[in-house]
Amino acid sequence: MIRYIIRRLLWMIPVALGVAVIVFTLMTFCPSDAAEIILGSNATEEDKEILRDSMGLNDPFFVRLGDFLTDTFIRFDFGKSWVTKADIKTSILERMPRTFVLTVSTLAISVLVGIPLGIIAAINQGKLGDNMCMAFALAGISIPNFWLALLLVILFSVKLKLLPPMGIGGLEYYILPAIAGCTNGIASLARQTRSSMLEVIRSDYITTARAKGVKEFDVITKHALKNALIPIITVVGTHFGRLLGGMMIIETIFSIPGMGTLIITAVNTRDLPVVQVGSIILAIVFSFCMLIVDLLYAAVDPRIKAQYESMGKRRVKHG
Amino acid sequence: MNRKLRAILAMLLVCGMLLGTLAACSGPDDQPDTPTTPSNPDTPGSDGQEPAGSKIIEKLDVGSTTLWETLTPFRNTSAQFSTFVRHIYDRLAVRTVTGEYVPQAAKSWEVADDGVTYHIALYENITDSQGNHITADDIVWIIEENMSRGLKPCFNKVDHVEKTGDYTFDIVMKQNIVDMLPMVLYSTYVFSRAAFEASPDEFATSLVSTSPYEVTDFVAGSHITFTLRDDYWQSEDLIDPALANNVKVLTYHYITEASQQQIGLETGTINAMGSMSATSVQNFEGNDDYVMVNGPSSNGIQLFFSGADSKVVANDVNLRLAICYALDIDGIIAAAYSGYAEPMHDVVPRTNVGYLPKWDNEEYFSYNVDLAKEYLAKSNYNNEELTLLALTSANRLAQMIQSYLGAIGIQLKLNVCDAAQWSSSQTDGNNYDLVLAPIGNGLVNLWSNRFDSNAYANGDATSRKDQTLTDMLYSTWTNEGFTEENIDAVHKYIMDNCYGYGVVLPLVTAVYDAKLNITHAVITDSGDVDMAASIYG
């Protein structure tokens, strides 16, 4: 098992390198002039040329790519933002925890609401409960986050004065953003849970468990849900990764300086170093998420655990 | 039964969303039924009259759309004209709303006979919040650092700087250009070299301030809090009223989302919002709980025509005139700016130094469809599709221009792009036929960046090569040549040739809680309200 984890961790190196090369290439060939962005449209051609030279922008593409990869992966020097001159490592270390808290709380609500909804829908298939849950899921997928965010702010901040409408501070500042951001997750988790549960709930061993007199609650939670978890874990994992890099709308509305706003601002200003490092960090975090998802598979399904272990042993024998 | 139930659920869902939409669209409870006209930009007390003494406010929260990511003094021009910059650093001089430069750390400056050497004298008692004494050595080093880092274009106009005494130094400019030295003074943030060199991150996250305030809380991209120092170096009687400090703790919150700006005010999260978006501002019209102050922006929105030979507009003044006369500026102001803009009378905004007030009464391409069609008939236009380059923020304006030109038979394709792409395209006239540009910051600055044929690889900023205009500019923007007569001659030349057209001057609208009881709103050079300097009753 440990060999499997190490192998997966080593795979992250080419993934991060691949992301770095792709992002660097895309951003390099985007139509923009970094010198003009930094100096502003009032700068003369001479000023811009001097700055381009000092930033190495006149060097050949492969020289710049090589410099970037060496600085990032060998020296671990992420550099400074072209636009703000702020240290990128510091900016990311400041912003990542906020995005992480927001992502985890959003995901937690999605899981706590989405999975029970899916279970209720599945055990009441074709009945009122099923229709209500699926209507809720449909609404969750259909409602735009930014629209729901503003409605929540109007209700909880303007009318009821219960929660802060924006900004950062204690955990109370994350409640509205998390609720506004979780609707998609609730919907997809509810639908996935329902379909997985429906497959499992008709299995012979569930009928057997019921025939043996096991309580219905135990049948659902201990026998059915555990066996339906694999696809649900996949959805949770991919959703976590998507949330990490995709919270910029929620962050903008609620004035939360997180990774989403950092990267989107950097893309708009063609702040290449920030976009590159931000993307690499997100790719690595996403790879970690996928690794955790795979490990959770093993935790809930002994067959997969045995498969991972046998993969490791086979490799040892061949070696 | 099942289908019926689904239909009922669907109906309920639709009704819920509809109600939600209506709720979200509703403004404040006491919003008037009909919008009123924007309040007069010249609010009582903002006219430069000597204000009475102010009450000191303990704490104030202000919304801002300006992103300030780092406190380092060596940064580009982005956001350097924002209201709160003066709370971060003292400068050598500060520019007021009338375009006048008033001394701050520099006690005085004068130009030598050669027109390029300036003698600067510093106050002798400048200290920062750690007690470091600031001398000419610090300032000379700061200016030299700015020159070598090349982040602010005005420092590239400096030839060299030299210390002449403990508190005096000379700045020698490369060219005799009026208004350039004050811009250097304005762009020079004052701090101690020793404190800067002791900082682990060049003051990026915490700084030692020379300003009346200390930064006591700073989260990049979120907020910045200033607390009034009790050991500020300057004596009260020498502080210009435009730089008064009547608030003890001042926090600026970064809020870009238009609805949240309004909500922030309504919930009391912020007491004031500087430069609120026009769509949200309308919701405060006629609401006595809030005060609106409009100030003209330092940048106008101008339309420039390509001068590249490959473009049909470059050598066809009749086509350019047809385009200018086809635009209904009143309609644009009403529809694209919700009334929060005013017409221009030159490519230079009226707020800029060098603008001649007499231009306000001149005829300036008044909307006339018949005249536009006449010029179009005289032009060489042959149904070619013209391209307009514009920023995403000017999307609505671009669409209106497209419609107006369509009405006289000119086909216009829009190329609306983000700031980065716009910046890389706008100085090459081969990329467009027309370009919308938000430009200002002084008449000389605008001239040199738009009409100097020697400034860019292909000519001026639109790839035009007009040596006559360039020679006029060179002789006008010197200290001796900057006369009303010469300025007017340049204005007429640009108008006659229709090289550019001042479309609108947007108004910057600040909204604040009426309970603050501001009796004198101090407006800054960027059109915003300076909440610290304003007078509280």
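Visitor: Why is the pair B:D418 and A:R270 called a salt bridge?

Guide: The closest N and O atoms of B:D418 and A:R270 are 2.8 Å apart. A salt bridge is a side-chain nitrogen of Lys or Arg within 4 Å of a carboxyl oxygen of Asp or Glu, so this pair meets the rule. This is a predicted model, in which local features need pLDDT of at least 70 and side-chain atom pairs count only at pLDDT 80 or more, while totals for chains, interfaces and linings use all residues. Residues are numbered from 1 along each chain as its sequence is written, chains are lettered from A and ligands numbered from 1 in the order in which they are written, and side-chain values use heavy atoms, without hydrogens and water.

Visitor: How many salt bridges does the rule find across the interface of chain B and chain A?

Guide: There are two. Polar contacts (a donor and an acceptor N or O atom within 3.5 Å, with sequence neighbours counted only through side-chain atoms on both sides) join five residue pairs between chain B and chain A, both residues at pLDDT 80 or more.

Visitor: Which helices of chain B each supply at least two residues of the side that touches chain A?

Guide: They are α1 (2–25), α6 (258–267), α12 (419–425) and α13 (443–450), where a helix is a DSSP run of H or I with at least four residues. The most comes from α1(B), with 10 residues. By class, this side of chain B has 20 nonpolar, 27 polar (Gly among them) and nine charged residues.

Visitor: What makes up the contact between the two chains?

Guide: Chain B gives 56 residues and chain A gives 51 residues, contact being heavy atoms within 4.5 Å. The buried area (accessible area lost with a 1.4 Å probe, summed over both parts) is about 4200 Å², and carbon and sulfur atoms give 59% of it.

Visitor: Where do the domains of chain B lie in its sequence?

Guide: The domain assignment gives domain 1 (57–254) and domain 2 (299–507). Their C-alpha centres lie 34 Å apart.

Visitor: How do you know what area is buried between domain 1 and domain 2 of chain B?

Guide: The computed loss is about 920 Å², with 50% from carbon and sulfur atoms. In domain 1 of chain B, the residues losing the most area are B:N176, B:V178 and B:D179, together 52% of what that side buries. In contact are 11 residues of domain 1 and eight residues of domain 2.

Visitor: How many salt bridges and polar contacts link these domains of chain B?

Guide: The rule finds zero salt bridges between domain 1 and domain 2 of chain B, but five residue pairs are in polar contact. The domain 1 side has six nonpolar, three polar and two charged residues.

How values were computed
Buried area = accessible area lost by both parts, 1.4 Å probe. Domains from an automatic or database assignment.
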